[in-house]
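The following exercises concern the contacts between chains and the surroundings of selected residues. Each task is followed by a solution in steps.

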Amino acid sequence: MSAGKLVRRRVGDLAFKAFCWVVTALALVALAAILWSLLAQGFGGLNLEVFTKSTPAPGSPGGLANAIAGSIMMCVLAMVMAVTIGVLAGTWLAEYGGRSKYGAVVRFLNDVLLSAPSILVGLFVYEILVFPFHGFSGFAGSVALALLAVPVITRTTEDVLLLQASTLREAGVALGAPLSYVIRLILWRSARAGLLTGALLAFARISGETAPLLFTALNNQFFSLDLRHPTANLPVVIFNFALSAYDDWRKLAWAGALLIAATVLAVTIVARIVAQEQKRS
Amino acid sequence: MSDAALPAPGPKAGAPARRSAPRGALVGQVFEGLCFAAATTLLLSLGGIIGSLLIGGWPALKRFGFGFLFSATWNPVTDVYGAAGPIVGTLVTAALALAIALPVAGGVAFFLTELCPAPLRRPIGTAVELLAGIPSIVYGMWGLFVFAPLFAKYIQLPLMAAAKPGSLLETLTTGIPNGSGILPASIILAIMILPFMAATLRELLLTVPPAVRESAYGLGATTAEVVMSVTLPYVRAGAIGAVMLGLGRALGETMAVTFIIGNSHSFPKSLFDSGSTIASTIANEFTEATSPVHTAALIALGLVLFLITFTVLGIARLMLRRQGARL
Amino acid sequence: MLKILGAAFGAALIAGAATMAHAAGSISGAGATFPQPVYAKWAETYKAQTGTSLNYQAIGSGGGIKQIEASTVDFGASDKPLKPDDLAANGLAMFPTVVGGVVPVMNLPGIKPGQLKMTGANLADIYRGAIKKWNDPLLVAANPGVALPNLPITVVHRSDGSGTTFLFTTYLSMKAQHWATEVGANDSVSWPVGLGGKGNDGVAAFVKQTPGSIGYVEYAYAKQNAMTYALMQNKNGKFVSPDAKNFAAAAANAKWASAPGFYLLLLDQPGAEAWPITGATFILVHTKQTDAAKGKEVLSFFDWCYKNGDGAADQLDYVPLPPAVKDLIRKSWTKVVGPDGKPVYK
């Protein structure tokens, strides 16, 4: 090989490596900048009152207790609904009908739903659960969030189940077990970590969604555990308070945003740890 | 997997199964039925969403016909609406965001798999994924209050000063130098879709068998050559899929974009000019819209966005099928 | 796995049922963003005193109108008043609660707040793009002795629909025929020039960050952000500054009594001290209430606000209505009847 070509290859290699280092540094700088803003603005607003008092009017003392409680309730209910439907649908795609035409259609439409703008999902749930019943409700908000979480769970369930070694299935079948038993008792159990990761990813996705809740759960100034009526939630509170003219409201908004980001980070770390455990075992 | 001892897979249960006990058979069928019902619920919800968009947007579609897609007039006072401005804005910002995010995501993924020192791998990987967890409204606010002034000062003003009158650079950079516009919005969008694409690309790169990479290194290839000629082609199909899903996210993002895109419904004439996207237009105007035609026009916009997403994903599927990858 | 899911489902259902005790006395309302802070304050104090929760959410005036028409809330709120015909067609009654002002703000190096004098016609020409620079002869003529810089004017408007825009564009339509025919008035219009900021905050941010820019915001934002504002020429020809007492002057001189259904725009009102871009915000309720007790609760709340809420309104930079207008409003409440046809209030 000529010396010139060698030099060119080396230079190209160096350029490539430099590019990778630089863009990674850029990405980390962007992250640091955003986190810095979030921490600088939000940390000062975090205190015990944030967790014990409800959202105040401007100038009054208060916190985010009702929004936190409402968000937790709606996310948990949404996750219960989404995991039920998502795991079953993913199982169907992986084990039963995935290779048929119908299965291909379901899989494609699942991806479409995954990319659906959340505001359109909110409008849809408004049409079916708010307008006919003449009232906003936390329950409608949960349904909207569930619709956003289901495609994530379906996709990860199908991917994870298909990764399970076929020897597992064959062993179960050879022992005479019906397919449903094989799935439930063997496959689900061995794919446990992956399923959990999928659920946690879906939770991370829905925890920060504002637009769908705006038309379904609305929001509530006061503390209420009643999901049949407008329910307070963090994303809408942040949305309202962040753009207001009052300093105490803006502080609470940033504190709320910090809480959401911290929760998602915690969830992501837990998901990673669980995935590592599974890989090891 | 199709075994005579099992119920036949697929919605049309075919050959009768010889099972151990009738009770087990019932449980099996109920379970399969439940799974099928869940999959169908997915289908029905999407159908419901599209249906409600069609019904809601029909008054506008009927009134403006196909011209709705091509007219750039958006006038709530005279109740004349045309989707061309938001459509162009959506496609342009998504394309620009992808053009920025893809190389960066690729660089990050390659960095994490080939170049990164082992102890730093997990922290940096988690850090990049953390970007995905930040609520999108924070991106919007950060974009407006922090990024925009910096962008104006260090990028917009120098570029505008350097552009000679009549040059291409000048056409691309005319606009108000305050950090708002198509390009800043696309950059914020790129930062948002970056973590997802980087994580997926990294997962894909990890599926390349070490033997393949090592044999390339063994032949004396440089890192760049291994990546370009061996690893990348190996994961091309999955990478395209990941890119398409990132694009889907970019098309539908609302909060991050609406704060700094400048929100004018006419065609953007330069990178620094204001534009609007479908999602930001709906978010901005839906709650205030009083006239039925205005509301219907916004819902029709939503339908258009859905169709765009549909088409993009359809193209991705077709490309994957050609590659022979698992659908 | 199924067992765990089943248990979780059951637990969620039971927990949900257990907490579904209906809250004692709760009213819901939705609509305009402009009065949200003061309604929130009033609701907070009202709950402390009477135990009734009034949950008001700002989803926009259009949203407020839509939701009260759909009866998903107990009352709607709108910055844009409905005309008497629309009220009758939807079976609604309307009344105002507080008053506020829209303030033009700008970013002009070297110009202090209140130094610049602006007329409605000039403002319209700026927003039309007819006046492109700050040292345009028209602006110089209106501001003798002020050193206006040779900067291009960057126009900032709202990207989202808003009652503030409705007030602003209606005022421009009143003051400039060109504006009325070319653009018109609505809570969202097709702006000839300029860029759109999201919310009052977005407009304020753009103006603060862009030298040579002009925008319009609610008074609270101009005050909180200490922005440079202009003096506006009112109907009497005087140039007045935007502050609470001038908004109150505009409201005091308004002829509420002769406005059917309280449809009245407080723009360009007569009076030496009246600020020309003032507006009230309105409440919408059904004239025929399906639940008389609920209707009574809503009106009792606003009665309480009229009696006790002035201090809170002042504190938050809103202007309370004159006492005479409040009495008029109370009289109009006889229109709101329950299923039995009797007025729900008093």
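**Exercise 1.** Determine how many residue pairs are in polar contact between chain B and chain A, and describe the side of chain B that touches chain A.

*Solution.* Step 1. A polar contact is a pair of N or O atoms within 3.5 Å; within protein, one must be able to donate a hydrogen and the other to accept it, and residues adjacent in sequence count only if both atoms are side-chain atoms.

Step 1. Helices (H or I, at least four residues) and strands (E, at least two) are DSSP runs, numbered from the N terminus. Elements giving two or more residues to this side of chain B include α1 (22-64), α3 (84-115) and α12 (292-323) of chain B. The most, 19 residues, comes from α1(B).

Step 2. Sorted by class, this side of chain B holds 53 nonpolar, 21 polar and eight charged residues. Here Ala, Val, Leu, Ile, Met, Phe, Trp, Tyr, Cys and Pro count as nonpolar, Asp, Glu, Lys and Arg as charged, and the others, Gly among them, as polar.

Step 3. Contact means heavy atoms within 4.5 Å; by this rule 82 residues of chain B touch 80 residues of chain A. The buried area (the accessible area, 1.4 Å probe, that two parts lose on being put together, summed over both) is about 7,600 Å² for chain B and chain A, with 80% given by carbon and sulfur atoms.

Step 4. A salt bridge is a side-chain nitrogen of Lys or Arg within 4 Å of a carboxyl oxygen of Asp or Glu. The rule finds one across this interface: Arg9(A) pairs with Glu225(B), their closest N and O atoms being 2.5 Å apart.

*Note on the model.* This is a predicted model, in which local features need pLDDT of at least 70 and side-chain atom pairs count only at pLDDT 80 or more, while totals for chains, interfaces and linings use all residues; side-chain values use heavy atoms, without hydrogens and water. Residues are numbered from 1 along each chain as its sequence is written, and chains are lettered from A and ligands numbered from 1 in the order in which they are written.

**Exercise 2.** Describe the interface of chain C and chain A.

*Solution.* Step 1. Here 33 residues of chain C meet 37 residues of chain A, and about 3,300 Å² is buried, 63% of it on carbon and sulfur atoms.

Step 1. One salt bridge is counted; Asp201(C) and Arg250(A) form it through their side chains (3.3 Å, N to O). Eleven residue pairs (both at pLDDT 80 or more) are in polar contact.

Step 2. Among the elements of chain C giving two or more residues to the side that touches chain A are α1 (2-18) and β2 (53-58). The largest share, seven residues, is that of α2(C). By class, this side of chain C has 18 nonpolar, ten polar and five charged residues.

**Exercise 3.** Is Thr157(A) buried or exposed?

*Solution.* Step 1. Thr157(A) lies in helix α6 (residues 138-163) of chain A.

Step 1. Buried means under 20% relative accessible area, exposed over 50%, partly exposed in between (1.4 Å probe, protein chains only). Thr157(A) is therefore buried, as its relative accessible area is 1%.

Step 2. Beyond its neighbours within four places in sequence, Thr157(A) has contacts including Gly86(A), Val87(A) and Leu195(A).
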